[in-house]
Amino acid sequence: MTQIVLAAAQANPHVGDIPGNTNKVIELSQQAASQGAHVIVFPELMLTGYPPEDLLLRPSVRLRIDHALAELCNANLPIAIVVGYPKRLDTGELYNAAGVIVNGKLVGEYFKHALPNYQVFDEERYFTAGSEAFVFEHLGIKFGLTVCEDIWQSSPAHLAEQAGAQVILNLNASPFHRGKQAERESVVAERCAETGCPVFYVNQVGGQDELVFDGGSFLSIGGEVVARSSAFDEELSLTTLNAIDGTYSAEGAVKSYQEDLESVYNALVTATRDYVNKNGFKGIVLGLSGGVDSALTLAVATDALGPERVQAVMMPFKYTAQISLDDAEEEAELLGVDYKVIPIAPMYEAFVSSLEGEFEGLPVDTTEENIQARCRGTLLMAISNKKGVLVLTTGNKSEMAVGYSTLYGDMAGGYDVLKDVEKTLVFDLCWYRNTLGYVIPERVITRPPSAELRPDQVDEDSLPPYDVLDEVLRYYVEQDMSAEAIIAKGFEKEMVMRIIRLVDLNEYKRRQAPIGARITARGFGRDRRYPITSGWKAGV
């Protein structure tokens, strides 16, 4: 029997920090070797972090990567290191590469075959596709390499198997969306069945701008997951692979599979933590309204950063209900965060007084509502500037879709935790968070949502019921269904046309909105790129 210990280095790289990422590779390799591992596998493009985007166009990237590889070789670690990086050839082509370092030498490289160019991916902008297999032998086992998207196609794995691979190592930077882990494990099971090779799937973890990577690295033998790393945790996991006459078994931990709401909540926490920390903010500040969106955002921020780095500010006006004041105070107390109350009436009156001449003879309308929101945005941005903290906005995907938000008001800030979270999911996540510990008062979740910008206002005065709105938005935004197809599903025509018109009309707002964590298969941002100026009309 041949026995070899594989280490999954489920790392959280910092995009662009090549020296820091290189040090992380060395440290984790030393740690794995000290624990008896023979091979350690890192994520895709580990040395630059993923996605490096137009950093790849910088001429100095090649020099920095060459220096990093020399540093890894000079470390001369007693373990085979499989690591991802961009590789620029003398002929000019740039490849998404995986290299193998053994006994202080770079023994070979594999160039990614399948370059994704859909959804959030645009690798064809940067990379040339590889076409050759690469197999290396270590301690009696022949390993073939593939990189991320390669495993979603049959050809790269088949080429590795034909080149003699007995085990396939797959380096990944696979971003999270709802249901993604099940998709990965299903696809890898197909490759196992086709090739007869175990597949060792190693994924990145952590937040990078609007993307969040969930880890969940695993070893699949015969389509069965026999070892799995934690989701959303930076982790070094060791698995012993046993080989007897072409039959494989393994000894390793199988960490639990996270259910839907748990995985979404953890994605939001991970994304928020890394965005704040990697960008060097001391903490965050947000406007706490007593409503459901700001309550959930506050819970996520506190879980991500700890209460000592979170400030909540209630900014009441004459339309703010007493229960909103009471609930906001209770939320802050339950979570233990710094809490302030700053009324906006003096600022609002100053604005309106200054605009008296401009507004003369004109009726009161949404302009006055927007001034309220912009007073609040100005206060939060001032606190941000003075204290070096990041403003979290609290708009959800449903609101962002139809423009139910105020530019330079409730949209003023640096990061929107709920940007890809539809309103109905906001409620579900609030209930879920309270199962971990009661932090969101029940009536915040159960009472009708309201922006409280005019007397007795509720959201459904301006919008369809959220369960209906969210379903229509899923069809139109995430599935690109036509108005006719949505109406054919039984929705009222006038309502559908109104929703679609609002989505199309408010592209200009979304372009100016903060980024936020992507948790669906299609969010606003990298996923959906529509023109602002457009003559396109639904139903034509």
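Modeller: The charged end of Arg528 sits over the ring of Tyr530, 3.9 Å from its centre. Sitting over a ring means CZ of Arg or NZ of Lys is within 6 Å of the ring centre and within 35 degrees of the ring normal.

Colleague: What should I know about the source and numbering?
Modeller: It's a predicted model, where local features need pLDDT of at least 70, side-chain atom pairs count only at pLDDT 80 or more, and totals for chains, interfaces and linings use all residues. Residues are numbered from 1 along each chain as its sequence is written, and side-chain values use heavy atoms, with hydrogens and water left out.

Colleague: Where does the charged end of Arg510 sit?
Modeller: Over the ring of Phe524, 4.6 Å from its centre.

Colleague: How many aromatic pairs are there?
Modeller: The whole structure has 13. Phe, Tyr and Trp rings (six-membered ring for Trp) pair if their centres lie within 6.5 Å; planes under 30 degrees apart are stacked, over 60 edge-to-face, the rest tilted.

Colleague: Why do Tyr201 and Phe218 count as stacked?
Modeller: Their ring centres are 4.8 Å apart and their planes are at 15 degrees, so the pair is stacked.

Colleague: And Tyr275 with Tyr415?
Modeller: Those centres are 4.5 Å apart with planes at 25 degrees, so that pair is stacked.

Colleague: Is Tyr415 buried or exposed?
Modeller: Buried, at 0% relative accessibility; buried means under 20% relative accessible area, exposed over 50%, partly exposed in between (1.4 Å probe, protein chains only).
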